[in-house]
Amino acid sequence: MAEVDQHEGEQDIEKKIEETRQRFENEFLQDSTEKYDSRDVERLQKDDSLVEGYLTWRTYVVDDAIKMIDESFQWRKEFGVNDLNESIIPKWMFETGAVYLHGYDKEGNKLFWFKVKLHVKDAKTLIDKKKYVAFWLERYAKKEPGMPLTVVFDMTESGLGNIDMEFVKYIINCFKVYYPKFLSKMIIVDMPWIMNAAWKIVKSWLGPEAISKLKFASRSEIQSFIEAEYLPPSLGGTDPFRYSYPPLPDDDFQTPLCENGPVLSEDDTESKEEETEVKDALESSYNSEVAVKPKKVNFLEDSLRSEDNDKGDANTRTRGIKKPLTTFKGPLLDVSPAEELSFGSGEMEKKSLIVLSNVTKNQVAFKVRTTAPEKYRVKPSSSCCEAGASVDIVVSLHGGSQASPQDRFLVMAAEMDNGGSQELAQFWKEVPKTKIMEHRLRCHVLEKVKTKPTLNLLKEYSVESETNGQQELNTTLMRVMACSSRLEQKLNTCLWVQKVLIGLVLALVMLNLLCLFQLGASQQPS
């Protein structure tokens with residue numbers, strides 16, 4: 001029964017998506033196509049998640065959704081959002097460090113930092129600042145499609161001279177209209193009391209759908225939203241990150257700064273990892289216990305020599321691991337799952353499977369990276385996939401490590417035109433970045449089911465039932481909200497008709513009274 005209701009809910013959403021596309025085309029595109037970027041219109045016709053994002057934000061009211069799409073698309077063309085890049089934005093804006101992406105909150109959402117004290121109100125640079133914010137949002141939208149952001153306004157040491165209400169209203173509109181469903185929460189940190197009046201105005205701009213996402217926190221309260229490892233020391237955190245430009249600091253899959261030495265290039269990092277692994281192997285032959293290595297800041301890439309050993313026991317490694325149900329369709333590889341790897345506390349839940357399917361006519365080289373190399377083991381982490389073939393990659397938690405929503409994985413792939421004759425290490429050094437396909441995966445931590453120890457089958461059934469129940473609840477809630485909206489519209493129409501009828505009745509009563517008066521006046525003797 002639950003599956004039937006869920007299927008009906010999905011069909012309702014699909015109908016809404018198609019209705020939204022059709023009405024937008026009939027009511028807006030036929031008048032003028034020049035006010036939109038053709039790339040946005042094309043994406044609207046092909047990307048269901050984009051249309052669903054607008055519908056969800058407007059509680060599945062198609063009238064409101066198409067108006068929102070119209071406003072959003074006009075803004076995108078006005079600011080040239082599809083063509084924004086670093087060369088268009090003034091360099092000094094990047095150098096100030098007033099706006100940047102870095103770190104994650106406790107729910108695994110990316111942090112979008114606004115250092116308010118570094119912002120100076122200036123009407124001459126307002127347009128450039130707006131494009132600067134749009135650049136960051138569009139860059140993130142392309143790298144992490146569908147993933148929400150947590151906006152952090154760090155108001156430490158800021159004053160009235162740093163507050164530009166027009167700029168703040170623009171930021172609100174970015175999440176309210178231009179990038180629906182992007183906002184996870186907006187945290188105002190360490191706000192001076194003198195700015196209370198200004199933020200009351202900001203709350204009125206947010207609207208009812210976003211007002212619950214606004215959070216105020218002091219330095220001591222901020223850690224209820226963000227772990228100390230992603231907070232700067234000025235907010236009581238331990239994050240050693242220091243903003244600098246270039247490069248852009250929003251890519252967690254680059255080699256970060258190392259406290260014990262200079263920044264290493266990717267090639268140097270790989271060679272250092274190979275030396276470390278050889279050294280550890282020698283030490284483990286003499287010692288029964290291997291000392292715990294310090295946390296590495298570079299990425300996990302197993303030695304290519306382990307590839308041959310892993311091929312023989314591929315079936316054994318994947319036995320008992322759930323097959324992913326969703327798929328990302330890429331230009332070189334189809335990646336399953338599409339968005340996230342799930343990990344839990346159970347023995348088989350400590351492993352997750354990535355399936356790569358080659359959709360080209362040539363060999364495709366791939367490698368997998370992670371932001372937490374000390375916690376995960378990836379087999380194979382680097383290899384080739386033959387044309388039309390598939391490769392199963394097992395990602396497992398190492399030792400007693402626990403998965404975190406902040407952990408990320410990066411799947412990189414590039415087509416090997418020469419039939420894969422060259423070595424992979426040399427291939428990755430020479431392949432142009434423009435020919436590399438990248439797809440990011442996040443981690444989903446399964447909630448621990450509080451049941452008595454029983455068979456693995458029962459555990460799996462409990463988790464699946466909980467997931468299905470949640471999906472059924474979400475679908476039912478969406479349908480109720482849409483139904484409520486339709487009833488509200490019908491009620492407003494009935495009230496309007498009622499007012500018209502009352503007006504007509506009053507007019508008839510007045511007309512009757514006037515007729516009686518005239519009749520009485522005509523019957524009186526002259």
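This report describes the strands, sheets and aromatic rings of a predicted protein model.

Residues are numbered from 1 along each chain as its sequence is written. Because the model is predicted, local features need pLDDT of at least 70 and side-chain atom pairs count only at pLDDT 80 or more, while totals for chains, interfaces and linings use all residues; side-chain values use heavy atoms, without hydrogens and water.

**Overall make-up**

The protein has 14 helices and 15 strands. Helices (H or I, at least four residues) and strands (E, at least two) are DSSP runs, numbered from the N terminus. Of the 526 residues, 41% are buried, where buried means under 20% relative accessible area with a 1.4 Å probe, counting protein chains only; over 50% is exposed, and partly exposed lies in between.

**Two sheets**

Strands of a sheet pair through backbone hydrogen bonds, either parallel or antiparallel. Here two strands pair if DSSP finds at least two bridges between them.

| Strands | Sense | Bridges | A bridge partner pair |
|---|---|---|---|
| β2 (110–115) and β3 (149–154) | parallel | six | tryptophan 113 and valine 152 |
| β10 (363–370) and β14 (408–416) | antiparallel | eight | valine 368 and valine 411 |

**Aromatic rings**

Rings of Phe, Tyr and Trp (its six-membered ring) pair if their centres lie within 6.5 Å; planes under 30 degrees apart count as stacked, over 60 as edge-to-face and the rest as tilted. By this rule there are 24 aromatic pairs. One of them joins tryptophan 75 to phenylalanine 79: the pair is tilted, with 5.8 Å from centre to centre and 40° between the planes. Tryptophan 75 counts as buried because its relative accessibility is 3%, and phenylalanine 79 counts as buried at 9%. The rings of phenylalanine 343 and tyrosine 376 are also tilted, with centres 5.5 Å apart and planes at 50°. Phenylalanine 343 lies in strand β8 and tyrosine 376 in strand β11 (376–379), so this pair ties together parts that are 33 residues apart in sequence. Both phenylalanine 343 and tyrosine 376 are buried.

Ring pairs also link Trp75, Phe79, Tyr140, Tyr170, Tyr178, Tyr179 and Phe182 into a cluster.
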